[in-house]
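This report looks at pairs of side chains in a protein model. Look at the sequence and structure first, then read on.

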Amino acid sequence: MGIEQDFKHALASWASGVAVVTTNSSGLLYGLTVSSFSALSLDPPLILVCLGHANRMAPMIEASGGFAVSLLDTTQQSAAQYFARTGRLPTADFVEIEGQWTAGGQPVVAGALAWLTCTLHRAIEEGDHTIVIGRVIEASARAEASPLLYWRRGYRELADGS
Ligand SMILES: Cc1cc2nc3c(=O)[nH]c(=O)nc-3n(C[C@H](O)[C@H](O)[C@H](O)COP(=O)(O)O)c2cc1C
């Protein structure tokens, strides 16, 4: 096996949550399923996601200047699959997956475990992805919820269900 395959197999061993990045760019909504979400800084409050260049998500965020991240609940595998589907176009409203607007005017996935909205802080192109850093301006989390997980190319949930 070459390094490319070894690299992919090694990365697939990292367990993560599942998030959907969304943005509203001039009235067009678009979202993308990601596992590359990370906290970056507490002061100021910064988070990041890594977005592939084959996808329109990073340029749409750069055009709109803001975005949201919805952390999915274990019941939201259909949202994860929908926002990972190839060939989708931006839409004028929420379609297929129920969404809601935050007070600050960002679209998020309804019923998410938690969500954060951000202004675009910085975008850094590296390799075939762009590291999109957001400054968090709104955040919300549900008390009673269990996260959707992703590990070795499959959706998982916590064994104790809590
Ligand atoms: C669990 C999961 C995690 C993903 N994580 C990322 C990610 O962090 N960054 C990214 O650019 N794409 C990620 N993807 C891929 C995109 O969601 C999407 O499937 C891919 O960009 C193909 O869509 P497109 O043809 O519209 O680009 C992930 C997909 C899945 C299922």
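## A salt bridge across the chain

D73 is buried, since its relative accessibility is 5% (buried means under 20% relative accessible area, exposed over 50%, partly exposed in between, with a 1.4 Å probe and protein chains only). D73 makes a salt bridge with R142, with the closest N and O atoms 3.3 Å apart; the term means a side-chain nitrogen of Lys or Arg within 4 Å of a carboxyl oxygen of Asp or Glu. R142 is partly exposed, at 38%.

## How the model is read

The model is predicted: local features need pLDDT of at least 70, side-chain atom pairs count only at pLDDT 80 or more, and totals for chains, interfaces and linings use all residues. Residues are numbered from 1 along each chain as its sequence is written, and side-chain values use heavy atoms, leaving out hydrogens and water.

## The other salt bridges

The count of salt bridges is 3. K8 and E4 form one of them, at 3.9 Å from N to O. K8 is partly exposed, at 41%, whereas E4 is exposed, at 54%.

E96 also forms a salt bridge, with R85, and the closest N and O atoms are 3.1 Å apart. E96 is exposed, with a relative accessible area of 60%, while R85 is partly exposed, at 42%.

## Charges over rings

R56 lies over the face of Y30, 5.4 Å from the ring centre. Likewise, the charged end of R88 is over the ring of Y82, 5.3 Å from its centre. Here, NZ of Lys or CZ of Arg must be within 6 Å of the ring centre and within 35 degrees of the ring normal.
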